[in-house]
Amino acid sequence: MTGRAARPAPRRAPRRKEHRHERPGRPAPGAGRLGRPRARRARHRRRPARPRPRARRRRRGRARGGPARRPRDDVPRGLRRRPRCGRGCRSGCRRGRRAGAGTPARRLVSRPVAWGEARALARSAAPAPSTERVPLAEALGRVLAEPLVTAIPLPHFASAAMDGWAVCGAPPWRLRADVADDAARPASAAGVLAAASPARLEPGEAVAIVTGAPVPPGAEAVLRVEAGRVDGDILEPIGETGRHDVEGRRHIRPAGAEAAIGDRLLDAGVILTPPRIALAAATGADDLAVRRRPRVALILTGDEVVESGVPASGEVRDSFRVAIPAALRALGAEVVAIHRVGDDDSATRVALTADDVDLVVTTGGTGRSSADHVRTALAAEGADLVVPGLAARPGGPTLLARLPGAGGRLVLGLPGNPLAALLGLVALGAPLLSAWTGTAAASRTVAAARALPGRAHSTGLVPATVVGGAATPAAHLGSGMLRGLAAADVVLVVPPAGVAEGGSVEALPLPWSG
């Protein structure tokens with residue numbers, strides 16, 4: 001059968017893919033507002049686009065559970081490290097699996113705190129002052145906790161200010177013999193004693209009196225012994241002195257001349273000196289309410305320290321066992337225990353919690369070398385740093401930490417160098433204990449006798465002598481020296497910018513200088 005060959009089916013044009021922007025209600029590319037960038041090419045509906053490499057790395061880090069990155073300015077400049085990705089990295093890598101398994105003290109390493117902020121943190125760390133009552137004999141040097149208010153007038157009776165005669169009216173006067181308690185006294189000794197209660201004087205009468213004795217009612221003046229003459233039982237004044245005594249109504253201390261009932265004689269927060277204790281006794285007080293002294297345990301560290309005799313080569317003589325307790329007592333604390341420990345981590349940890357005290361003060365071991373164990377021991381005990389370090393020189397390694405527990409015991413870590421340790425005590429210990437005992441931290445401003453150079457990012461602490469309001473830095477001011485501090489009157493606080501000659505500079509008092 002003949003026929004034509006079958007014609008192939010017509011080839012259909014490929015179906016054109018419908019783009020999203022061609023669907024109803026969607027604008028065409030470039031149809032937006034003037035100046036608006038064109039829309040990016042649409043991604044496939046069924047297969048999402050792969051994230052960019054940078055985003056993928058960021059997600060992978062989060063999936064591993066890595067901690068949040070520490071702010072760069074929170075790490076001291078000398079401890080900054082570039083990130084590493086090796087396993088077991090101990091040099092600061094935050095991404096390695098064993099990054100947190102390095103030295104425990106690294107948790108207590110942070111940037112030094114500026115001078116003003118560090119002292120404010122020390123003050124805020126102190127607990128509220130507590131109160132106790134002590135006899136007057138034990139109140140010397142303590143801080144008064146309550147105002148001293150007198151319940152009686154001072155003096156509480158009118159008394160004679162001189163030995164002589166109490167007189168009434170115009171001269172001459174007739175002497176009257178007042179025998180107080182001893183009727184057997186000779187007539188030549190007749191008069192008013194300090195414990196007597198004399199009878200009232202009438203005009204024209206006089207009676208012998210001693211200093212401090214109560215003045216008889218009606219008396220108008222006390223004529224001094226050297227300003228009167230007795231002839232029989234008649235008393236007359238002598239010269240201008242006697243006339244001034246009588247006309248001026250002199251030498252009588254009226255009741256309440258010093259203080260009336262209810263007067264406040266002393267404010268809370270003052271240091272009880274001998275005159276203040278005597279004033280309290282004059283009001284009739286037998287004891288006083290004072291601030292309780294913080295109880296302190298002192299930990300002295302170092303294998304190289306010897307406590308007596310001349311140290312051998314490689315050894316140093318202990319200069320803290322006497323000096324630090326005396327300085328702490330001057331600041332209002334009481335040292336109740338002293339421990340000597342070597343450069344040993346476990347011994348340091350035991351000493352930190354060995355005593356029932358409010359504050360632990362350590363010397364040495366606050367650095368970051370293999371021989372320094374205070375920071376490691378604090379980290380092992382779970383302590384929180386209040387001040388990790390001080391942006392000051394000398395005394396930069398000084399720290400303040402709080403141990404965990406209900407008591408929240410504080411630890412003040414001082415450097416091992418003598419000058420640095422004592423200046424660290426002045427820098428952080430003084431504001432801490434002043435807030436603890438309820439006293440005001442004292443400071444004053446003096447003029448710099450010569451220019452004081454500053455240090456970048458650090459406050460300078462310079463022992464100095466003050467003459468005529470001008471301060472001159474002492475000599476021998478190395479961190480391990482004490483000669484300059486022994487001759488100093490104050491500690492100058494030199495800001496990082498320095499102080500020009502004649503400029504004003506803050507001066508802190510030394511605890512032992514009063």
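Let's start at His476, in the loop between strand E24 (470-473) and helix H9 (483-486). Helices (H or I, at least four residues) and strands (E, at least two) are DSSP runs, numbered from the N terminus. His476 is not a glycine, yet its phi is positive, about 60 degrees. It is partly exposed, at 39% relative accessible area; buried means under 20%, exposed over 50%, partly exposed in between (1.4 Å probe, protein chains only).

Some ground rules. This is a predicted model: local features need pLDDT of at least 70, side-chain atom pairs count only at pLDDT 80 or more, and totals for chains, interfaces and linings use all residues. Residues are numbered from 1 along each chain as its sequence is written, and side-chain values use heavy atoms, with hydrogens and water left out.

Next, His251. This one also has a positive phi without being a glycine, about 65 degrees. It sits in the loop between helix H3 (239-247) and strand E10 (252-253). Its relative accessibility is 14%, so His251 counts as buried. Most residues other than glycine have a negative phi, and most peptide bonds are trans.

Now the cis bonds. Pro171 to Pro172 is cis, omega near -5 degrees. Pro172 is in the loop between strand E4 (164-167) and strand E5 (173-175). Arg393 to Pro394 is cis too, omega near -10 degrees. Pro394 is in the loop between strand E19 (392-393) and strand E20 (399-402).

Last, confidence. pLDDT is the predictor's confidence in each residue, from 0 to 100. The protein chain averages 80, and 74% of the residues score at least 70.
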